[in-house]
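Work through the exercises below with the sequence and the structure at hand. Each task is followed by a solution in steps.

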Amino acid sequence: MPRLNMVQAINLGIDQQMAKDDGVIVLGEDVGLDGGVFRVTDGLLEKYGSDRVLDTPLAESGIIGAAVGMAIAGLRPVCEMQFSCFSYLMIPQLEGHAARLRSRTHGQVTVPLVVRMPYGGGVRAMEHHSESREATYAHLPGTKVVIPSGPRNARSLIAAAIRDPDPVVFMEPKHSYRAFKEEVPDEEEVAEIGRAEVVREGTDLTVVGFGAMMRPILKATAEVDEARGVSIEVIDLLTIAPMDGETVCESVRRTGRCVVVQEAPRSFGVASEVIAVINDKVLMYLEAPVRRVTGYDVVTPYFGREKDYIPTAGWVRRAIEETLDF
Amino acid sequence: MPMETIASFEVARLNILDENGDTDIDLVPDLKPDRLVAMYRWMLLAREADQRMLKMQRQGRMGTFAPSTGQEAVSVAAAMAMGEKDWFTGAFRELGGRLVRGEPLVNVFLYYNGYEEGNLRPQGSADRLLPVNIIVGSQCVQAAGLGYAAGFRGEDAAVLTVFGDGATSEGDFHEGMNLAAVWNAPVVFLCQNNQWAISIRREKQTRSQTLAQKGIAYGMPCVQVDGNDALAVYRAVDEALARARSGDGPTFIEAVTYRLMMHTTADDPTRYRTEEEAKEWWDREPLVRFRRFLEKQGLWDKAKQDEMDQEIKAEVAAAVEEFEARDSFKADAPFDHVFGTDHAVIQDQRREFLARLEEVDNAQA
Ligand SMILES: Cc1ncc(C[n+]2csc(CCOP(=O)(O)OP(=O)(O)O)c2C)c(N)n1
Ligand SMILES: [Mg+2]
């Protein structure tokens, strides 16, 4: 099995779907000749030609609006927003149309499109290149939000997103793009959107996270297990919306303790939603209040200060220990 | 009934200074010798600072930035045509113009090293220089509002907004042009057409024969200038600003230039363009021709050049030193400036943040 990083794995996932279905079209700024600024679409132009890999003019609303039209007409557009922060320019098309057409027409008109975008900090980038705003998209009914955490699930999730009948916002943790490799089988794998995954089994506490936070989470849980002789369960959400509350609640029912981790600002975030679901379904099983490990409610600082503002394994470890000791 | 022409338009191009340093003397703007030398000096300073930053970036002493080498004439000449009360709002490739408008070089270094401090105007400064705009085209709409406000207050002020060829594809550009025109706002839209938007060449950005003609659609005067000709840029911007201030509304100027370097230091242009293409444009770059012009005017010689080179090197080196000597930044500054009002949710998080930092410090001590 080849060992791939996340960039290569997503590239492979798109490539495999393009090979299978000639309605899959890639479009975005610099996705063709340049192969995308992170090279996620590298080589696709050469392989599939400029009718299927479109280097567009600089226009985010245009890219998604055009993709809505393509999707209505039966194509499967896979769009790239160069960085998630520039994707807000497409919200009128996403919220106003892509996310609503199915409801508006009781299913007669559907919009199966994918919007890929790198998100998150830790890469010493300029302003607008480091934010985590998954909650913004997760809050739009009719929009699915998917966030992989490693090469293998990135490949199976992008495949699922491309085949999905609905608009999918596919957020790629850019900090993990080249951070590590995994074995990714040659054969196609297609994940199920809407399913979280228990990536580490345990009995004493559940940690819930996603995206770039999975690595610090796994480091912290291994440390605490070792130091305290406990066993901690870890859940990778993978799909942010619609959220898989069942997997989370099933775990918390067993462990009675939970810590939720997100890189994004604290208020109104994914962690808040996870806690609300726990509250709704398994409150009586809790032996300690659920803790959040999050960024702060400040405008994302420029990179000179960012290391103090992004949750680390240390932050997670501390929250786990406090929750165990409660 | 036969079809008849109901409107027709022309697009003019202005070029004053050619590559040999010769000029169309009737068109040379009325600038005193010391201003001409100053114009050259600002361009040289921008070039030296840009190249120095590139080296520092490669050594890990500078973050990602967008080099402006080759485009100095556009923003330097435009900024020099501005009046004290005029607003400047640009993108991220106007180093020279920003310096002319009073940006200390050390701020540029701070900014590109990841500190908001680089955006702070020097104490007591009244310059109307707004921070770098990374969201492509976004400044164009704000310029319409800045211009409207200046008119509303009856100020003798105009707005210069600078953006790239790629920006002309964004909705914000079109909305800003239209708003400014409808409001007859005192705005000069200055497009740096450097032929590329990352890997997208100008011909793939728009099918318009010129970018200048986009002004026509919005009902404003427009002109294309040789953007490597500082005299032409100066003249066009000066006239447009004067028109704006006298109540005659916005102008669109296309400055034709070339991005001689990579898009940003994270970009590899060999993936999408040939080195020959860049080489051709090196022959047309703005500094050499301006030096030849000054020499032909009897204002310049080798001794003066050597002296200025030394001076500029020292100036850049001093700014580097000042920047690198600065090693303390208030860690919780982001909490200070989320809002202009006080809120418990922010203060609680600040306390948590500071406690965490202290713990880390203690652990390391
Ligand atoms: C709204 C938005 N989309 C995408 C980007 C990423 N990006 C940064 S610069 C750039 C190209 C800009 O081209 P142009 O306007 O010609 O300016 P130049 O870089 O050539 O100076 C792109 C796509 C961005 N900063 N903002
Ligand atoms: Mg450009």
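**Exercise 1. An aromatic side chain and its partners**

Task: Decide whether B:Tyr148 is buried, partly exposed or exposed, and classify its ring pairs with B:Phe152 and B:Trp183.

Solution. 
Step 1. The model is a predicted one. In it, B:Tyr148 has a relative accessible area of 42%.
Step 2. B:Tyr148 and B:Trp183 form an aromatic pair, with 5.1 Å from centre to centre and 55 degrees between the planes.
Step 3. B:Trp183 has a relative accessible area of 40%, so B:Trp183 is partly exposed.
Step 4. Over all chains, the count of aromatic pairs comes to 26. For B:Tyr148 and B:Phe152, the ring centres are 6.2 Å apart and the planes meet at 20 degrees, so this pair is stacked.
Step 5. B:Tyr148 and B:Phe152 are 4 residues apart in helix 5 (residues 138-152) of chain B, which means about one helical turn separates them. An α-helix has 3.6 residues a turn, so residues three or four places apart point the same way.
Step 6. B:Phe152, at 58% relative accessible area, is exposed.

**Exercise 2. The length of a helix**

Task: Check whether the span of helix 1 (residues 33-58) of chain B agrees with its number of residues.

Solution. 
Step 1. Helix 1 of chain B has 26 residues. The expected span is 1.5 Å times one less than the number of residues, so helix 1 of chain B should span 38 Å.
Step 2. The end C-alpha atoms of helix 1 of chain B are 38 Å apart, which agrees.
Step 3. After helix 1 of chain B comes B:Gly60, with a positive phi near 80 degrees.

**Exercise 3. A magnesium site**

Task: Find which protein donors the magnesium ion (ligand 2) has, and where they lie along the chain.

Solution. 
Step 1. The protein donors are B:Asp165 (OD), B:Asn194 (OD1) and B:Trp196 (O), at 2.0 to 2.1 Å from the magnesium ion.
Step 2. Along the chain, the donors have the spacing D-x28-N-x1-W.
Step 3. B:Asp165 and B:Trp196 link distant parts of the chain, 31 residues apart. B:Asp165 is in the loop between strand 3 (159-164) and helix 6 (171-182) of chain B, while B:Trp196 belongs to strand 5 (residues 196-197) of chain B.
Step 4. Both B:Asp165 and B:Trp196 are buried.

**Exercise 4. A serine that meets the other chain**

Task: Place B:Ser199 in chain B, and name the residues that B:Ser199 touches.

Solution. 
Step 1. B:Ser199 sits in the loop between strand 5 and strand 6 (200-201) of chain B.
Step 2. The relative accessible area of B:Ser199 is 2%, so B:Ser199 is buried.
Step 3. Leaving out residues up to four places away in sequence, B:Ser199 touches A:Asp30, A:Leu33, A:Asp34 and B:Tyr272.
Step 4. The side chains of B:Ser199 and A:Asp30 are joined by a polar contact of 2.6 Å.

**Exercise 5. An aspartate in a loop**

Task: State where A:Asp244 lies, and which atoms its side chain reaches.

Solution. 
Step 1. A:Asp244 is in the loop between strand 12 (239-241) and helix 9 (245-255) of chain A.
Step 2. Its relative accessibility is 5%, so A:Asp244 counts as buried.
Step 3. The side chain of A:Asp244 reaches the backbone nitrogen of A:Ala196 at 2.8 Å, and makes a polar contact of 2.6 Å with the side chain of A:Thr247.
Step 4. A:Asp244 touches A:Gly194, A:Arg195 and A:Ala196, not counting residues up to four places away in sequence.

**Exercise 6. Rings and charges**

Task: Find which residues form one aromatic cluster with A:Trp315, and which residue lies over the face of A:Trp315.

Solution. 
Step 1. A:Trp315 forms one aromatic cluster with A:Tyr296, A:Tyr309, B:Phe335 and B:Phe353.
Step 2. B:Arg356 lies over the face of A:Trp315, 3.5 Å from the ring centre.
Step 3. Elsewhere, the charged end of A:Arg253 sits over the ring of A:Tyr285, at 5.7 Å from its centre.

Methods:
Residues are numbered from 1 along each chain as its sequence is written. Chains are lettered from A and ligands numbered from 1 in the order in which they are written. This is a predicted model: local features need pLDDT of at least 70, side-chain atom pairs count only at pLDDT 80 or more; totals for chains, interfaces and linings use all residues. Side-chain values use heavy atoms; hydrogens and water are left out. Helices (H or I, at least four residues) and strands (E, at least two) are DSSP runs, numbered from the N terminus. Donors are N, O and S atoms within 2.8 Å of the metal (3.2 Å for Na, K and Ca); water is not among the atoms, so sites may look incomplete. Buried means under 20% relative accessible area, exposed over 50%, partly exposed in between (1.4 Å probe, protein chains only). A polar contact is a pair of N or O atoms within 3.5 Å; within protein, one must be able to donate a hydrogen and the other to accept it, and residues adjacent in sequence count only if both atoms are side-chain atoms. Contact means heavy atoms within 4.5 Å. Rings of Phe, Tyr and Trp (its six-membered ring) pair if their centres lie within 6.5 Å; planes under 30 degrees apart count as stacked, over 60 as edge-to-face and the rest as tilted. A charge sits over a ring if NZ of Lys or CZ of Arg is within 6 Å of the ring centre and within 35 degrees of the ring normal.
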